[in-house]
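Please have the sequence and the structure at hand.

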Amino acid sequence: MERKDILVLYNELKKSLRGEWIILGGGLLHILGISERETIDLDLVPAGEVTNSDQLQIMDIAEKNGFPPEVINFSAEFFFKKQHNWRNELVLIFDNENVKIYRPTARLFRILKEQRGTETDFADIKIFEKNVTDSN
């Protein structure tokens, strides 16, 4: 997915989501406007409990916008929620009456990317840390 694709999907999710969500990974860099590299998915983690119907709704949003449902990656939750005090490592990036969307702090972004440890992950850390502070 190119940056324009991620932004289309992100804008649709902002309109349709309910609750609190966290965006991670390379797709986050596109949303923050600090990367142009292609990515295969958008890592989306619920901050609270979700149902299968919530996830199916999100996959339906992806499909309605011309993307395969697997472009939304929910598996990041498995790794993200293993982090101690992860709730204290969130920075709000979008808020309206229906949804709050967060990103991880620079510290947590680094931890998650280092665990995977690919060349792309280390490049993402460098881009993130160069361009983002935890107050923005």
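The model is predicted: local features need pLDDT of at least 70, side-chain atom pairs count only at pLDDT 80 or more, and totals for chains, interfaces and linings use all residues. Residues are numbered from 1 along each chain as its sequence is written, and side-chain values use heavy atoms, with hydrogens and water left out.

**Sheet.** Helices (H or I, at least four residues) and strands (E, at least two) are DSSP runs, numbered from the N terminus. An open sheet is built from five strands in the order S3-S2-S1-S5-S4, with mixed pairing; two strands pair if DSSP finds at least two bridges between them. S3 (72–73) and S4 (90–95) are the edge strands, each pairing on one side only. Between S4 and S5 the pairing is antiparallel, over five bridges. Phenylalanine 94 is placed opposite isoleucine 101 of S5. Helix H1 lies across S1, S2, S3, S4 and S5 and runs at about 20 degrees to S2. Axes here are lines fitted to C-alpha atoms, for helices over the stretch in contact, and angles run from 0 to 180 degrees between N-to-C directions.

**Cores.** A nonpolar core is a set of buried Ala, Val, Leu, Ile, Met, Phe, Trp, Tyr and Cys residues joined through side-chain atoms within 4.5 Å. Buried means under 20% relative accessible area, exposed over 50%, and partly exposed in between (1.4 Å probe, protein chains only). The largest such core has 29 residues, and Leu9, Leu13, Ile23, Leu42, Leu44, Ile58 and Ile72 have the most contacts inside it. Elements giving two or more residues to this core include helix H1 (3–16), strand S2 (42–46) and helix H3 (52–64). H1 gives the most, with four residues. Beyond its neighbours within four places in sequence, leucine 42 has contacts (heavy atoms within 4.5 Å) with residues including Ile6, Gly27, Val71 and Asn73.

**Two residues.** The table sets out their accessibility.

| Residue | Relative accessibility | Class |
|---|---|---|
| Arginine 103 | 0% | buried |
| Asparagine 85 | 43% | partly exposed |

Arginine 103 is in strand S5. A polar atom of the arginine 103 side chain lies 2.6 Å from the backbone oxygen of threonine 133. Asparagine 85 sits in the loop between helix H4 (76–80) and S4. Although asparagine 85 is not a glycine, its phi is positive, at about 55 degrees.

Conventions. A polar contact is a pair of N or O atoms within 3.5 Å; within protein, one must be able to donate a hydrogen and the other to accept it, and residues adjacent in sequence count only if both atoms are side-chain atoms.
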